[in-house]
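Here is a short tour of a structure, written to be read alongside the sequence and the 3D view. Please keep both open as you go.

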Amino acid sequence: MKHRISTRAVVLGGVVVALLLAAVVSFYASGSPDGLERVAENLGFAGTAGEHAAGDSPLADYGISGIGDARLSGGLAGVIGLSVVGIVMYGLTRLLRRGDSDATED
């Protein structure tokens, strides 16, 4: 007997896993420089980097400004970022789906 799993259950499970990764596991990410920073250090131009245009934004540098606890700040920033991406993806999906239904009505 085969058990079928609905698409909704798979999507909800994926969202829960992604939220857990963003909120909890992100704190344990490597503190070493990322790939671009490492290359810049190896090639000797890391010191020429300036402040990013959004460097003083509330979610800059993988954290939330004003929250002193690095674990909480990074976790919340991950959850907020994931939520924003999810909302944008949902909106795009709705727009594309509506475009398909308009095309089939002709």
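Tyr62 is exposed, as its relative accessible area is 71%; here buried means under 20%, exposed over 50%, and partly exposed in between, with a 1.4 Å probe and protein chains only. This residue lies in the loop between H2 and H3, where helices are DSSP runs of H or I with at least four residues, strands are runs of E with at least two, and numbering starts from the N terminus. Although Tyr62 is not a glycine, its phi is positive, at about 60°.

Asp61 belongs to the loop between H2 and H3. Asp61, also a non-glycine residue, has a positive phi of about 60°. With 71% relative accessibility, Asp61 counts as exposed.

## Ground rules

This is a predicted model, in which local features need pLDDT of at least 70 and side-chain atom pairs count only at pLDDT 80 or more, while totals for chains, interfaces and linings use all residues. Residues are numbered from 1 along each chain as its sequence is written, and side-chain values use heavy atoms, leaving out hydrogens and water.

## The largest pocket

Which residues lie nearest the centre of the largest pocket? They are Glu37, Ala60, Asp61, Tyr62 and Gly63, out of a lining of 32 residues. A pocket here is an open set of points on a 1 Å grid over the protein atoms alone, where a 1.4 Å probe fits and protein lies on both sides within 12 Å along at least five of seven lines; lining residues have an atom within 4 Å of a point.

The volume of the largest pocket is about 920 Å³, counted as the space filled by probe spheres set on the points, with grid points joined across faces, edges and corners. H2 and helix H3 (70–104) each supply at least two residues of the lining. H3 gives the most, with seven residues.

The structure holds one salt bridge, defined as a side-chain nitrogen of Lys or Arg within 4 Å of a carboxyl oxygen of Asp or Glu. Its partners are Arg38 and Glu41, whose side chains meet at 3.9 Å, N to O. Arg38 and Glu41 are about one helical turn apart because they sit three residues apart in helix H2. Arg38 is partly exposed at 45% relative accessible area, and Glu41 is partly exposed at 42%.

## A nonpolar patch and an aromatic pair

Have a look at Val16, Val17, Leu20, Leu21, Val24, Val25, Phe27 and Tyr28: they make a nonpolar surface patch of about 750 Å². Patches are made of residues with over 30% relative accessible area and no salt bridge, joining like charges within 9 Å and nonpolar side chains (Val, Leu, Ile, Met, Phe, Trp, Tyr) within 5 Å. Accessible areas come from the Shrake-Rupley method with a 1.4 Å probe, and for residues only the protein chains shown count as cover. Val24 sits in the loop between helix H1 (7–23) and helix H2 (35–43) and is partly exposed, at 46% relative accessibility.

The structure holds one aromatic pair. The rings of Phe27 and Tyr28 have centres 5.5 Å apart and planes at 85°, so the pair is edge-to-face. Rings of Phe, Tyr and Trp (its six-membered ring) pair if their centres lie within 6.5 Å; planes under 30 degrees apart count as stacked, over 60 as edge-to-face and the rest as tilted. Phe27 is partly exposed at 35%, whereas Tyr28 is exposed at 58%.
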